[in-house]
Amino acid sequence: MNEPVQVIKQKRPLPEGPGALAQPAPGQVVDHPATAEARLAQLARPKWRHRAAAVSFLLAVLLPAILTTSYLYLYAADQYASRVAFSVRSGETMAPVEVLGMLTQSLGGSGGLDAEIIYEFVRSQQMVETALAALPLEAIYNAPQEDWVFRLGEDRPIEEVIDYWNWMTDISFEATTGVVNFEARAFDPDSARAIAALVLAESTRLVNDLSIKAREDAVSVAREVLGQSEDRLRDVRRKLRAFRDIEQEIDPSLNARAALGLVSELEGELARTEIELDTQRALVGARDPRIPYLVQKIESLRSRIVEERTRLGTGTTTTTPDGRAFSDLVADYEELIVDQEFAQRAYVTALAASEQAQIEARRQIRYLSPHVDPTLSVSAQYPQRALISVGIFTILLVGWAVLLLIFYNIRDRR
């Protein structure tokens, strides 16, 4: 009988090194290499979520980007830009000390405030309404019929027109220097230049109106005080003229001084006559024929002195023949003269203040100084097709990636 042949299988040496396979533990079932490779191939095979991600990338990123780029290069109309730059200057001259003080402060000052006013004005409804009245703005912004994205559209409300105006125009200013930069875009270069010129003209008018108003405000108070002073001076002069017409006296004070001089002369003559009378009585006696003459002269002098004093308002009888005291007449006249002098001085002071206010207002006048006149474009600068295309693709890609990460995060938490 043939003896059974014993087959001795020689064990292969296990590979050594970093890539060597670990030896299976006793009792561990080891898959066949072909089975493991098949399982790995099954795991590497695309699944539904991979296909969904690819389809979503195609629909959410690639397709909109292609459509946007195609529209920009095939249908979007060329836009031309016109630029203008200006600033608000002041006619006020400053001393060197003031200039040195300005170096330690902000360089903007009121020029920056004027630039802010112009900025708000250009973006306001008033500016849009002015442009609609001065230019065929709707026809300018609706020129490309096939470009329905960048054109204005028909019969738009004023709010949408303002939004479109602020989109098609760009204004900025430097706060330190007060320089305003304005850019107007349109579908032809002449229209863009016309819009920029209109904005420059309206800004100039606004600055002039603000300057005139500020100047009027600066001199209005001084002008009001001057008017009041003029009215007061006229009223005092009118009263003085009426006083002279009624009393028939140009200057009662001169008559008073003349009356006082006359009284002094009469009193001197009375004293001399009394001395002469006493002398005649002492030398000749009462039989002298000149004594009655001297006595009558003394009585006449005393009567005239009393009369003149009565005219001056002194003594027991203080009224003139017309019923008024001469002293009251002089007092009224002097009061009118004092009022006239005071009113005249007040008028001169108010006139000087008004002239000074006008000088200061002229020094502080502001005006718009254009640095760059409205330009005329030769080639179109807008829309920036490449930049918009890349920007939209980047935004869509980032948004798609974020949503995909959120989806996988939610899926892994379940």
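Predicted model: local features only at pLDDT ≥ 70, side-chain atom pairs only at ≥ 80, totals over all residues.
Two packed helices are described by the angle between their axes and the distance between the axes. For helix 5 (residues 125-134) and helix 7 (residues 158-168), the angle is about 95° and the axes lie 10 Å apart. The two helices are therefore roughly perpendicular to each other, since angles of 65 to 115 degrees are classed in this way. Helix 5 contributes Q125, M127, V128, E129, A131 and L132 to the contact, while helix 7 contributes I158, V161, I162 and W165. Of these contact residues, eight are nonpolar, one is polar and one is charged.

The model contains eight aromatic pairs. In one of them, the ring centres of Y71 and W148 are 5.7 Å apart and the planes meet at 65°, so the arrangement is edge-to-face. This pair joins distant parts of the chain, with Y71 in helix 2 (residues 48-74) and W148, 77 residues away, in the loop between helix 6 (137-141) and helix 7. Y71 is buried at 13% relative accessibility, whereas W148 is exposed at 63%.

Y164 and W167 form another edge-to-face pair, with 5.7 Å between centres and 75° between planes. These residues are three apart in helix 7 and thus separated by about one helical turn. Y164 is buried, with a relative accessible area of 7%, and W167 is partly exposed, at 39%. Ring pairs also link Y164 and W167 with Y141 and F150 into a cluster.

Elsewhere, R185 lies over the face of Y382, 4.9 Å from the ring centre. S229, located in helix 8 (residues 189-247), is buried at 10% relative accessible area. Beyond its neighbours within four places in sequence, S229 contacts A346, Y347 and A350.

Conventions
Residues numbered from 1 in each chain as written. Heavy atoms only, no water. Helix = DSSP H or I, 4+ residues; strand = E, 2+ residues; numbered from the N terminus. Buried < 20%, exposed > 50% of the residue type's maximum accessible area, 1.4 Å probe, protein only. Contact = heavy atoms within 4.5 Å. Axes fitted to C-alpha atoms, helices over the stretch in contact; angles between N-to-C directions. Parallel < 35°, antiparallel > 145°, perpendicular 65-115°, else oblique. Nonpolar A, V, L, I, M, F, W, Y, C, P; charged D, E, K, R; others polar. Phe/Tyr/Trp six-rings, centres within 6.5 Å; stacked < 30°, edge-to-face > 60°. Lys NZ or Arg CZ within 6 Å of the ring centre and 35° of its normal.
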